[in-house]
Amino acid sequence: MDTREDSTTMHGEYKVRGGKLVSVELTTRDGRIAAPHVFGDFFLEPDDALEDLGAALEGMSTEATAAELAASITDRLEARPDPVEMIGFDAEAIAIATRRALGHASSWEDLTFDVIPAVTLPPVMHVALDEVLPLEVIAGRRRPHFRIWDWDSSLVVIGSYQSVRNEIDAEGARKHGIGVVRRITGGGAMFMEQGNCITYSLVVPTSLVEGLSFEQAYAYLDDWVMGALAEIGVKARYVPLNDIASEQGKIGGAAQRRFAGGVLLHHVTMSYDIDADKMGEVLRIGKEKLSDKGTRSANKRVDPMRSQTGLAREQIIEGFLDHFRARYDTEESTYTEDELSMARELVETKFGTEEWTNRVP
């Protein structure tokens, strides 16, 4: 029986963050990669190493992982008698482009995003929606999406693995009437009062970050917001693992959760105009946590975006939305009644319960 596959040329691309574009074209035969060609706007020395890049992919299984493909490329280059310098790209970038050509990985251009502008809800509802909406994407009832949070009351949202006693000063929280809820992602506490932060959630297929390390995935999914920040006059950079910082200090941080159904939740909170004294009374911010930020007091840890831009919070949010819409294929959307109903149920049965909030006392 002839097990040969279609000889149609398949194409995949990957743009290295801060680097160059890598493209791979190939065909397949009997479950193997055939006739692969690697090209792009990168730099490579010596010139004839380009042939090795394609040769390293030839005959590899079409089901090979990004790590296996990258290892084959690295082994091939290391076997050469002369050293090879890859400038603006690396073996992992070629592997990701190859996986995209084979249909195992996706790119931003493959996706249409639902965009959900700010809808004012209790903050615990937004925490619940971060569980509801990824499951709706897995079920095929909701597209990948980008949404802005807005809320009508004060709350501290702690990371999934944080200790309540270690993070929250109970007396300070009672004094200011600020509650606590635990989210489904790791990371640190979010001090949320009306109008003091800008928070968004991005839900994508995990195939979008195929072949990337966890550290790389954070920066990759927030690459767009670096452009959005630049447009409003903030020169930002990513500080591994998950912080976004400017020349004046930290702006915010990100957190992620990967779902078994092949979907990834990525959300970010950036400070806009935080009452740092109140935050210091509610949160227990230890000296060790502050030491790795190079500061001595909680009041100096987070640099508000208001002071850097001079813009109203609503203007910054609209700038983020406009930049995202201009960069990707989008459709306007809002929450469905079913989604809100499921979120309310999760508030009652999970996120609003003492058992969940104090899973780590």
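**A close look at asparagine 196**

Tutor: Let's start with the side chain of asparagine 196, which reaches the backbone nitrogen of glutamate 193 at 3.0 Å. That's a polar contact: N or O atoms within 3.5 Å, where, within protein, one must be able to donate a hydrogen and the other to accept it, and residues adjacent in sequence count only if both atoms are side-chain atoms. Keep in mind that this is a predicted model, where local features need pLDDT of at least 70, side-chain atom pairs count only at pLDDT 80 or more, and totals for chains, interfaces and linings use all residues. Residues are numbered from 1 along each chain as its sequence is written, and side-chain values use heavy atoms, with hydrogens and water left out.

So where is asparagine 196 in the chain? Look in the loop between β10 (190–192) and β11 (197–205); strands are DSSP runs of E, at least two residues, numbered from the N terminus. Asparagine 196 counts as buried because its relative accessibility is 2% (buried means under 20% relative accessible area, with a 1.4 Å probe and protein chains only).

Who's around it? If you skip neighbours within four places in sequence, asparagine 196 is in contact (heavy atoms within 4.5 Å) with Trp151 and Phe191, plus Ser271, Tyr272, Asp273 and Ile274.

Not counting residues up to four places away in sequence, serine 23 touches His11, Gly12 and Glu13, along with His37, Val38 and Phe39.

Definitions and conventions: Helix = DSSP H or I, 4+ residues; strand = E, 2+ residues; numbered from the N terminus. Buried < 20%, exposed > 50% of the residue type's maximum accessible area, 1.4 Å probe, protein only.
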